[in-house]
Amino acid sequence: MMGKLIGALVGFLLLNIVGAVIGVFVGHMFDKGYAVNTRRVSPEAREAMGRSFFETTFTLLGYLAKADGRVSEAEVAQTEQLMSQMGLSAEQRRDAIALFKAGSAKGYEPQATMDAFRAQCGRNHNLIQMLLTYLVNLALVDGDFDPAEERVLREVAAGLGVNGFAFEQLLRMIKAQNAFASGGYRTGAGGASGQQSRGDLAQAYDALGVSSSASDAEVKKAYRKLMSQYHPDKLAGQGLPEDAVKAATERSKEIQVAYDMIKKSRA
């Protein structure tokens with residue numbers, strides 16, 4: 001039902017009544033596909049996946065933060081911000097902190113954690129992507145990668161079954177999406193120089209994971225795929241815990257801004 005409502009609203013905004021009708025149809029297909037997917041995962045399995053995601057996320061965040069030899073104040077602040085975005089309870093925060101400390105402890109080896117996560121969630125591309133997004137954001141908190149942090153990120157990506165090319169593409173997308181998350185870009189904003197506008201537009205394409213030579217249909221397909229990945233009902237149905245869904249869906253706002261900028265440039 002949610003897919004129909006969203007589809008109708010977006011369609012109406014773009015193409016009035018005709019768009020609304022098309023949107024209802026597209027939304028119906030989404031709802032149908034979502035229902036099939038969620039029926040395949042029992043509540044018990046979703047709970048297990050959610051717990052696995054939570055434990056793996058905060059343990060690997062600790063491991064990554066200690067990669068360069070010390071956990072910085074910026075990395076602690078970034079992790080605390082993630083906890084706040086997730087809306088963790090006091091008990092959950094204590095669990096998250098304990099996991100972070102375990103991951104940052106001397107001698108910690110991540111392979112068993114990654115193996116357990118892959119066994120529980122390995123078929124769920126969205127959960128893997130969200131996990132890597134959290135890790136990349138932590139590594140970028142001080143501006144750029146430390147070589148040790150980059151090594152750990154690539155180690156984790158490979159351990160989760162993500163090849164080098166896919167990781168590089170994800171990295172470009174996250175960096176570009178973070179630029180839009182800063183609030184500096186808004187559709188319709190004026191006053192930017194031509195050079196700055198071209199730079200912003202290039203980042204918009206990177207945020208969607210497509211090149212500037214992509215067709216309108218290819219751009220729209222990439223946009224819809226990303227928005228589908230960050231749809232709260234879909235994420236919840238695939239095992240992402242409710243607290244993580246709150247943080248994950250924030251990413252859809254940056255994707256929307258990037259897509260709107262590309263559409264405006266092509267109008």
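**Figure 1. The whole protein and its surface.** Accessible areas here come from the Shrake-Rupley method with a 1.4 Å probe. With that in hand, let us start with the overall picture of this predicted model. The accessible surface of the protein comes to about 14000 Å², and carbon and sulfur atoms account for 56% of that area. Of the 267 residues in the protein, 43% are buried.

**Figure 2. A protein built with helices and zero strands.** The secondary structure amounts to 13 helices and zero strands, giving the pattern α-α-α-α-α-α-α-α-α-α-α-α-α along the sequence. Taking contacts between residues at least 6 apart in sequence, 76% join residues at least 24 apart.

**Figure 3. A close-up of helix α6.** Here we meet α6, which covers residues 125-139. Its 15 residues reach 21 Å from the first C-alpha to the last, close to the 21 Å expected at 1.5 Å a residue. Because 14 of the 15 residues of α6 are buried, this helix is largely enclosed by the rest of the structure.

**Figure 4. Inside the largest nonpolar core.** This core has 60 residues, and those touching the most other members are Phe 58, Leu 132, Leu 135 and Leu 208. Helix α6 supplies the largest share of the core, 10 residues.

**Figure 5. The surroundings of Leu 135.** Now for a look at one residue of that core. Leaving aside residues up to four places away in sequence, Leu 135 touches Leu 60, Leu 61, Leu 64, Leu 153 and Val 156.

Technical notes:
Residues numbered from 1 in each chain as written. Predicted model: local features only at pLDDT ≥ 70, side-chain atom pairs only at ≥ 80, totals over all residues. Heavy atoms only, no water. Helix = DSSP H or I, 4+ residues; strand = E, 2+ residues; numbered from the N terminus. Expected span 1.5 Å × (residues − 1). Buried < 20%, exposed > 50% of the residue type's maximum accessible area, 1.4 Å probe, protein only. Core = buried A, V, L, I, M, F, W, Y, C linked by side-chain atoms within 4.5 Å. Contact = heavy atoms within 4.5 Å.
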